[in-house]
Amino acid sequence: MHRDRNRHGLPLRAGRVTRGQTWKPVPAVAYCPGMGSVRERHCVTTSGVPTGRPMVFAHGFGCDQGMWRFVVPEFERDHAVVLFDHVGSGRSDLSAYDPVRHDSLRGYAADVVELLRELDLTDVVFVGHSVSAMIGVLAEQMAPELFGAMVMIGPNPRYVDDGDYVGGFSRADVVGLLDALDANHLGWSAQMAPVIMGVPDRPELAEELTNSFCRTDPGIARQFARVTFLSDNRSDLPGVAVPTLVLQCREDAIAPDPVGVYVHEHVPGSVLTRLQARGHCPHLSAPEETAAAIRDFLRG
Amino acid sequence: MIAVVGGTDGEGGLDRLLDEDPADLYENAPMGYFSAVPGGRVVKANRTFCAWLGRPAEEVLGARFQDFLTPGGQVYAETHLLPLLRMQGAVREIALDLRRADGSVLPCLVNAVEVRDDAGAAVLLRATVFEATARRRYERDLLAARRAAEESEARSRVLQHVVSDLAATVSVEDVATVIVQRSRAALRARGAALVVVVDGEEGGAPGLRFVRTDGLPPTLLEEFRATVDRGLVRELPLGVRSVPLDEALHRSRPGLAAAMARAAVTELVVVPVTADSRQLGVLALVLGEGVGDLISLHEPGERPPLPEADVDLLRTIGRQAGQALERARLHEETSRQAERAAFLLEAARLLAGAADVTETVERLAALAVERLADVCVIDLVTEVGTRRTAARHRDPARQRLLDELRARQLPQRSDDHPSVRALAEGRTQWVRSPDDAYLRRITVDEQHLAISRALELAGLVAVPLVADGRRLGVVTFGADRARGSFTAADVEMAEQLGLQLALVVAKAQRYDLEVRTSHELQASLLPASPPEVPGLGIAVRYLPATYGVEVGGDFYDVVPLADHVALAVGDVVGHDITAAASMGQLGSVYRALLVDGPAPSAVIDRLQASWSLLGLQRMATALFASLAPATGQLRMASAGHLPPLLLSGGTASYLPVVPTRMLGAPPAPTPAVEWAGVLAAGDTLLLYTDGLVESRTADVDEGMDRLLQVAASAGTSEPDELLDRVLAELTGPHRGDDIALLALTRR
């Protein structure tokens with residue numbers, strides 16, 4: 001069956017340029033076998049112009065690389081675009097999940113560094129949503145030579161309030177989130193997802209749902225939630241040494257405005273752009289505005 | 001009837017009801033219903049939803065629906081519900097909790113669809129909300145049960161790992177490693193330590209040994225040690241015990257509390273390690289913030305008590321540890337006993353072969369630091385006071401410290417020093433854990449203290465060397481922290497070693513006394529240097545044996561008389577003080593005989609005749625000669641002695657002096673036979689005892705042949721030079737017998 005978009009809705013173009021061994025044409029449906037390379041571990045999808053400046057998009061807590069579907073086309077015109085799933089999310093290799101390594105954002109950051117090295121990328125524009133903004137900060141700390149710029153969408157270096165610092169959450173809130181996760185994992189199951197969706201003519205939607213929700217092991221989701229909401233990376237911010245854009249939405253319950261200001265003030269030379277978009281996922285709710293802000297920053 | 005009428009009426013009413021007003025259906029539907037614009041702002045909500053929220057419609061409209069969720073639900077909506085809705089267009093059965101106006105929470109399930117325009121952009125969100133209190137409670141109970149089951153399974157797994165890991169352990173250290181690592185991981189503890197009770201000094205309280213510690217910062221470990229030393233043993237029977245960092249602890253143990261606070265430790269958990277209800281030690285775990293990179297979910301300073309299931313797990317681990325410790329100890333004890341037996345055997349062998357006491361002591365110290373201790377110092381009592389004879393360290397890099405200690409003799413030490421006390425009291429001194437205050441007490445100055453500290457001693461044992469009730473010295477063993485303090489078995493072995501060493505030293509000291517006496521006696525009997533006799537060159541040598549008792553009965557004598565010189569060389573049988581005494585007596589009698597100037601054969605005959613009267617206990621061989629320096633007239637007679645050697649013009653030969661029976665041998669009818677001749681000018685006469693030509697490896701004939709060759713090829717007729725050559729060629733560093741030599745050259 002011929003398809004012109006992959007499962008994430010990303011356009012597949014004929015005549016892709018291939019560069020050596022590291023840049024393979026993207027298959028119609030990304031195939032991610034259980035074991036193997038770092039590329040397979042993260043179910044990497046590559047697209048765009050291989051010779052363009054590489055942009056690596058990292059999804060946040062609760063989602064997978066599909067989150068980027070609306071902004072990616074904008075950058076595929078002139079960038080080499082890399083999408084991936086964090087280990088434990090989406091279609092990543094669950095067997096690569098290590099409860100010890102992934103009990104810290106540093107484990108996720110080390111994954112990113114390994115990924116960039118395997119793909120042989122440098123001068124990377126790392127676009128990190130939510131917790132992935134901090135994963136990017138840590139990865140840049142580990143391998144500064146790989147990074148060229150950083151885009152943080154709704155970053156929050158510490159969710160839990162601490163003295164004068166307002167992260168937006170109390171410990172009880174985090175407990176509540178963990179409970180909410182538990183409640184939903186119990187209600188959903190992989191077998192039920194297609195039935196619930198009730199759209200047999202669009203099986204890819206059922207698949208998407210399965211990927212995002214049900215393929216995630218509840219234990220992993222819970223631990224990722226803990227790691228996300230119980231990390232404190234404030235002291236890592238001043239170490240960021242590449243041009244950085246902080247994108248701040250309105251009414252973002254997860255990364256309130258003062259937090260965006262805090263990040264901006266503590267990442268040297270960073271640019272703070274406030275979006276009209278509301279909520280925590282402007283790349284979904286306002287992809288044009290989000291992409292434009294990133295473009296402006298990269299042009300600037 | 002009523003039912004029928006009612007039924008009829010009801011049917012009419014039903015029709016009316018079914019022909020319902022859509023607006024009423026919307027407003028009063030048995031579910032909440034709301035619509036929101038992208039971003040979540042509610043633009044329409046039904047009465048049921050508002051009623052559930054407990055808020056008037058005006059309050060609900062215009063607010064974001066997320067604002068009506070619990071904080072956890074808000075995050076879930078932002079990270080899951082809204083993204084999925086955007087990507088999939090619909091979500092079903094999302095569990096969320098509504099926050100009602102009165103502060104209560106209403107568990108719900110939410111279904112939602114996204115209404116999109118032709119371009120695919122979101123226009124509206126429509127959601128239905130079902131109350132699900134009972135279902136959610138059921139699910140929560142289910143989840144709680146499942147989680148409890150998982151936790152229980154996790155604990156069983158920990159226990160399984162502990163048991164299977166312990167099965168492979170053979171040493172106490174192995175056991176400690178398993179217990180510390182497994183329990184630490186199971187409780188996500190910051191650190192852990194296994195402390196075992198060790199036998200106390202005689203009559204003293206049992207001591208404690210930290211077998212394995214993991215993840216404890218040094219200051220905390222130090223404070224913990226101090227606490228443990230002070231009273232933990234007493235608290236052992238109290239079961240698993242939690243010591244939270246609180247005001248009470250700050251008051252009762254300020255040092256420990258401060259160290260815990262510094263290390264971000266909030267709680268100390270002490271688990272008894274038992275076997276058959278005997279306390280073998282404790283497992284200590286420190287719990288606290290900051291395990292890994294994450295912030296604790298508990299508010300600072302608030303930590304829930306350890307779950308009962310964890311307490312049970314720890315108690316079981318404590319028992320498992322106890323049994324494994326017992327097994328490992330038994331195993332270690334068995335192999336240690338074998339080692340000890342081997343060590344004592346080796347020591348016994350070494351001591352049996354003892355020749356020189358200093359060398360023996362040094363070798364024993366070297367053996368001890370190889371097998372028993374890290375430090376071994378041996379002090380021996382001598383006539384000139386206590387001497388530090390050996391001081392060894394196992395680690396060559398630290399031998400320097402012992403060399404410095406060696407220079408510090410025992411009498412310069414404080415009375416409290418274990419070596420001094422052992423020697424003074426004649427009893428073994430066992431210092432289990434010499435702390436700094438103790439070191440201060442037993443050292444005499446800062447330098448001494450510095451050395452003692454640098455040794456990092458974890459135990460000291462001083463064993464007096466006692467034999468026949470006499471205190472001959474003291475051997476002191478030290479164990480450093482890496483080895484850990486000594487056990488009762490170690491001390492027992494040290495005492496056995498001390499006993500063996502004492503016997504050897506006693507024997508050596510008796511022997512030394514004898515040797516010294518004999519030598520002094522002998523030296524007083526033999527003329528130190530030969531007299532000057534005109535016309536003659538004379539040289540003498542006396543070399544004691546190096547094997548066995550270093551004294552013998554060999555002698556020589558040169559006495560110038562009126563017209564001749566009387567010469568004598570002899571050998572009293574035996575190598576001891578009696579032989580030396582007999583030789584002295586014989587020498588005196590011989591001198592007395594010389595008054596009359598008797599011929600050599602007459603000397604022999606007279607000695608033979610009076611032997612029994614003299615009461616000499618030993619027989620002797622001897623050769624007597626008289627030489628007239630002016631003429632060279634030489635007369636000789638031999639009582640069982642080897643023939644003299646003549647060196648004449650570079651030719652060596654034995655003079656055929658016929659030996660008669662030995663002095664003191666049973667009487668025989670024949671009198672002594674005398675040889676007479678002339679010693680030409682330039683000729684040299686060499687008299688010797690059998691020690692020169694007889695050895696363990698060569699018989700007399702070989703030795704005499706060799707002597708001939710050496711003398712002939714010596715190329716000198718200077719008596720001193722000749723003797724030096726002969727001794728150099730014919731003797732080595734080890735001699736089985738004394739040697740007396742007399743060389744005489746007629747000028």
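Which residues in α11(B) meet which residues in α12(B)? Before the answer, some conventions. This is a predicted model, in which local features need pLDDT of at least 70 and side-chain atom pairs count only at pLDDT 80 or more, while totals for chains, interfaces and linings use all residues. Residues are numbered from 1 along each chain as its sequence is written, and chains are lettered from A and ligands numbered from 1 in the order in which they are written.

On the α11(B) side, the residues are Phe343(B), Glu346(B), Ala347(B), Leu350(B) and Leu351(B); they meet Thr360(B), Arg363(B), Leu364(B), Leu367(B) and Arg371(B) in α12(B). Contact here requires C-beta atoms, placed from the backbone, within 7 Å. By class, this contact has six nonpolar, one polar and three charged residues, where Ala, Val, Leu, Ile, Met, Phe, Trp, Tyr, Cys and Pro count as nonpolar, Asp, Glu, Lys and Arg as charged, and the others, Gly among them, as polar. Helices α11 (308–352) and α12 (357–371) of chain B pack at about 170 degrees with axes 10 Å apart, the axes being lines fitted to C-alpha atoms over the stretch in contact, with angles from 0 to 180 degrees between N-to-C directions. The two helices are therefore roughly antiparallel, a label for angles over 145 degrees. Helices (H or I, at least four residues) and strands (E, at least two) are DSSP runs, numbered from the N terminus.

Further along chain B, helix α19 (600–614) has a kink of about 35 degrees centred on Gln608(B); the bend is the angle between axes fitted to the seven residues ending at a residue and the seven starting there. Gln608(B) is also buried, as are Pro600(B), Ser601(B), Val603(B), Ile604(B) and Leu607(B). Buried means that 20 or more other C-beta atoms, placed from the backbone, lie within 10 Å of the residue's own. The cover over the buried residues of α19(B) includes α18 (577–593), β19 (620–627) and β20 (633–639) of chain B. Just after the helix, Gly615(B) has a positive phi of about 70 degrees.

Chain A contains eleven helices and seven strands, and 50% of its 300 residues are buried. In helix α9 (257–266) of chain A, the buried residues are Val259(A), Gly260(A), Tyr262(A), Val263(A) and His264(A). Strands β5 (147–153), β6 (244–250) and β7 (271–278) of chain A are included in what covers them.

Between the chains, 35 residues of chain B are in contact with 44 residues of chain A. On the chain B side, α5(B) gives the largest share, 15 residues.

How values were computed:
Buried ≥ 20, exposed ≤ 12 C-beta atoms within 10 Å, placed from the backbone. Contact = placed C-beta atoms within 7 Å. Parallel < 35°, antiparallel > 145°, perpendicular 65-115°, else oblique.
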